[in-house]
Amino acid sequence: MAIRVLKPGLATTVQDLGRPGYYHIGIPLSGGMDRHALAAANLLVGNPEGAAVLEAVFMGPELEFADDATVAVTGAELPPKLDGVPRETWSSFKVKRGQTLSFDFLKQGARAYIAVSGGIDVPVVLGSRSTYALGALGGFKGRKLEAGDELPVGNNTTSVSEGRSVARDLRGPRGTVPTELRVMPGLYWHRITDAAGDGFFADTWKVAPEADRIGYRFKGGKPLEFVPRVPPFGAGSDPSNITDACYPYGSIQVPGGTEPIVLHRDAVSGGGYFMVGTVISADMDLIGQLQPNTQVRFVKVDMDKALAARATRATLTNKLRDALAASP
C-alpha cells in the first residue's frame, strides 16, 4: 500500500514519538511536537500510539490513496476533505482506493497529525521513523515531503470502525489568552538581576515568526539585565554567553538578553547561551500549537508543581487510551 503526495503542504514531515537516547551525541529527540495529538490520531485508526504519522504545519498536504485505509486527523483544527467532502477532525473515517485527502484552511492551532491505519512505513533510523531535517535523518529521505513522493504504508493488523472520536475533554489543553507556559528557573538564574527575573514572569510576550521544530522565539518583553561579571574562560564577552553547556529539552536561552527561545524537538543539545529556565514537559505540546503573534506569559513553578503537572498529563493519556480501547 502507498500514498502519493500530490501537494506537500507547507512543511509536512513523517514523525513518531521520537528517538530518545542520542541527545548526548548531538542527535535531538525529534518526533511530534504535540505528542498527545499524535498518539490520539494513531489510537483512532487502530495503530500503536507511537506509529509514524504525518505532521502538517499550518497547511495540509493533498494525498492520493492507492488502497483502502482508515484515517484520522488530530491536533490543530485543519479540517480534512475527502474528494472535496468535509470530514471531522479527531474522528476516524474510511478512505477508499483512488480517493484524495485534502485540507481546508487552518482554523486553530499550528500542527495537525494525519494517521493512516498501518502507519507510515519508512525505515527505522536509530529506533525511530521521525524526520530530523536539519541532519537529513529519518523520515522520508530525511526531508519534508515533496510533490510526487510515494509514501509506503504498513500492514493494518487491527480493524476499527469509522466514526470513532475523541471527546473534547480528552484532546489536551489549549491555550488561554494569553497562553501560560510554566517554567522552572534554571542553573543560570543567578546571571540576571532580581528585577529582570521578576520582569521576565510579569511581561506578556508574543510568539515571533521564527518558530519551528528547532525552537520558538518570543518577543515583546523587556530585555533582561545581567549581573556584572568577569567573563569566565571559554565564554564570550556578551553577558548572555556561558562556557558551553548542555541544553535540556524545553530550556529557554536568551541571546543578548532580548528574545527568549524555547528549544523544542529538533534543537541542538548544547551551546554557549545561558538558560533562564526550562518549560515543564507537560506544557511542551502546547508550544507546538502556538501561532506567530500569540500572546504568552511565563509562569514560575517549582519541582513539586512540575511533577504534579506531569502526573495530570499522564492521567489524561491513560483516559484517552481507556476511552478508545472501549470503542469498537
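Leaving aside neighbours within four places in sequence, Phe218 is in contact with Leu181, Trp205, Lys206, Val207, Ala208, Glu259, Pro260, Val262, Val296 and Phe298, where contact means heavy atoms within 4.5 Å. This is a predicted model, so to speak of local features a pLDDT of at least 70 is needed, side-chain atom pairs count only at pLDDT 80 or more, and totals for chains, interfaces and linings use all residues. Residues are numbered from 1 along each chain as its sequence is written, and side-chain values use heavy atoms, with hydrogens and water left out.

Phe218 also turns up in the largest nonpolar core, a set of 52 residues in which Tyr216, Phe218, Ile252, Phe274 and Phe298 have the most contacts. A nonpolar core here is a set of buried Ala, Val, Leu, Ile, Met, Phe, Trp, Tyr and Cys residues joined through side-chain atoms within 4.5 Å; buried means under 20% relative accessible area, exposed over 50%, and partly exposed in between (1.4 Å probe, protein chains only). Helix 1 (residues 35–44) gives the most to this core, with 6 residues. Helices (H or I, at least four residues) and strands (E, at least two) are DSSP runs, numbered from the N terminus.

Strand 12 (residues 179–185) pairs with strand 19 (residues 275–279) in the antiparallel sense over 3 bridges, and Pro185 stands opposite Gly277 in strand 19.

Strand 9 runs antiparallel to strand 4 (residues 62–65), joined by 2 bridges, and Thr100 is the bridge partner of Glu64. Strand 9 also pairs with strand 6 (residues 80–82), again antiparallel, over 3 bridges; there Lys81 stands opposite Ser102.

What about a charged residue tucked inside? Glu55 sits in strand 3 (residues 53–57) and is buried, with a relative accessible area of 0%. Its side chain reaches the backbone nitrogen of Met33 at 3.0 Å and makes a polar contact with the side chain of Arg213 (2.8 Å). A polar contact is a pair of N or O atoms within 3.5 Å; within protein, one must be able to donate a hydrogen and the other to accept it, and residues adjacent in sequence count only if both atoms are side-chain atoms.

Back to helix 1, which is mostly covered, with 9 of its 10 residues buried. Its axis comes within 10 Å of that of helix 4 (residues 303–325), crossing at roughly 10°. That makes the two helices roughly parallel (under 35 degrees; over 145 is roughly antiparallel, 65 to 115 roughly perpendicular and the rest oblique). Just after helix 1, Gly46 takes a positive phi of about 85°.

Note on methods. Two strands pair if DSSP finds at least two bridges between them. Axes are lines fitted to C-alpha atoms, for helices over the stretch in contact, and angles run from 0 to 180 degrees between N-to-C directions.
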